[in-house]
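Colleague: I have a few questions about how the terms are applied in this model. Could you take me through them?

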Amino acid sequence: MNAHEIDYQIFGEEMQYVELELDPQEAVIAEAGNFMMMDSGIKMDTIFGDGSKQDEGFLGKVLGAGKRLLTGESLFMTIFSNEVQGKKKISFASPYPGKVIPIDLTRFKGKFICQKDAFLCAAKGVSIGIEFSKKLGRGFFGGEGFIMQKVEGDGMAFVHAGGTMARKELQPGEKLKVDTGCIIGFDQTVDYDIEFVGGIRNTLFGGEGLFFATLTGPGTVYIQSLPFSRLASRIHQAAPQGGGKDKGEGSILGGIGDVISGDNRF
């Protein structure tokens, strides 16, 4: 498996995007909806799966693409190829506020495991598949179920994280407890399991869920400070419900309070 070698540059702080430079005949693959902009001369095609195994028959391609349905992704991916002479550039953007993380798969021994919605784009030749959990408890209570996404190959891949990203290098036997939604991805040598929070008060009133994710080294772990599920939940809570009033309209001052606080909607 030899992925295309691509150069890249990441721009921005809180809403990042990655710009990839393609030599003639080089290509990248991406999930639908992540494209931002590209130079003329780059051709876009929609394909089954990730296009990493060109020698497979039609049935093999359909089965490979069908596995993506288990991770909640589309059957199709998009491939962007430089069809002209000279270098061309293409950019992909993170779908919500956060960071773009470059993953050099050669440094992860050819495999990186991540949350099923973390993948952004990768060099052509990188395989995007699914990783099943063999642990029953993790499957039922781990937040991501039995299935996570795996990125395999020898090229560059890019994943995105919500909020700020933390990178931890775990030593052999070192354990890190994490909110299940805050995991971006980890080295294949890291053991992933779940642990019950414990305590009646913690369980009933803690507000942090019933389980921690436990990551045991050795290996590299990437953590995000703002999972999209948490962001979406807060937006939903603050949105007008039923009667059309937002969360802040229950104050004593009512509409006057909105004016004082800078909310000048009339």
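Modeller: Accessible areas are from the Shrake-Rupley method with a 1.4 Å probe, and for residues only the protein chains shown count as cover. This is a predicted model, where local features need pLDDT of at least 70, side-chain atom pairs count only at pLDDT 80 or more, and totals for chains, interfaces and linings use all residues. Residues are numbered from 1 along each chain as its sequence is written, and side-chain values use heavy atoms, with hydrogens and water left out.

Colleague: What is the mean pLDDT of the chain?

Modeller: The mean is 78, and 69% of the residues reach 70 or more; pLDDT is the predictor's confidence in each residue, from 0 to 100. Residues 248–253 have pLDDT below 50, and beyond near neighbours in sequence this stretch has four contacts in the model (a contact means heavy atoms within 4.5 Å). Over residues 259–266 the pLDDT also stays under 50.

Colleague: Why is glutamine 9 called partly exposed?

Modeller: Its relative accessible area is 43%. Buried means under 20%, exposed over 50%, and partly exposed in between, with a 1.4 Å probe and protein chains only, so glutamine 9 at 43% is partly exposed. Glutamine 9 lies in strand β1 (residues 7–11); strands (E, at least two residues) and helices (H or I, at least four) are DSSP runs numbered from the N terminus. Not counting residues up to four places away in sequence, glutamine 9 touches Tyr17, Val18 and Glu19.

Colleague: What makes the nonpolar surface patch?

Modeller: Phe35, Met36, Met37, Met38 and Met44 make this patch of about 450 Å². Strand β4 (residues 35–38) gives the most, with four residues, while methionine 44 lies in strand β5 (residues 42–48).

Colleague: Why do β15 and β18 count as paired?

Modeller: Two strands pair if DSSP finds at least two bridges between them. Strands β15 (residues 175–178) and β18 (residues 211–216) have four bridges, in the antiparallel sense, so they pair. Strand β17 (residues 191–196) also runs antiparallel to β18, joined by six bridges. Leucine 215 in β18 is the bridge partner of leucine 176, and tyrosine 192 stands opposite leucine 215 too.

Definitions and conventions. Patch = residues over 30% accessible without salt bridge, like charges linked within 9 Å, V, L, I, M, F, W, Y side chains within 5 Å. Salt bridge = Lys/Arg side-chain N within 4 Å of Asp/Glu carboxyl O.
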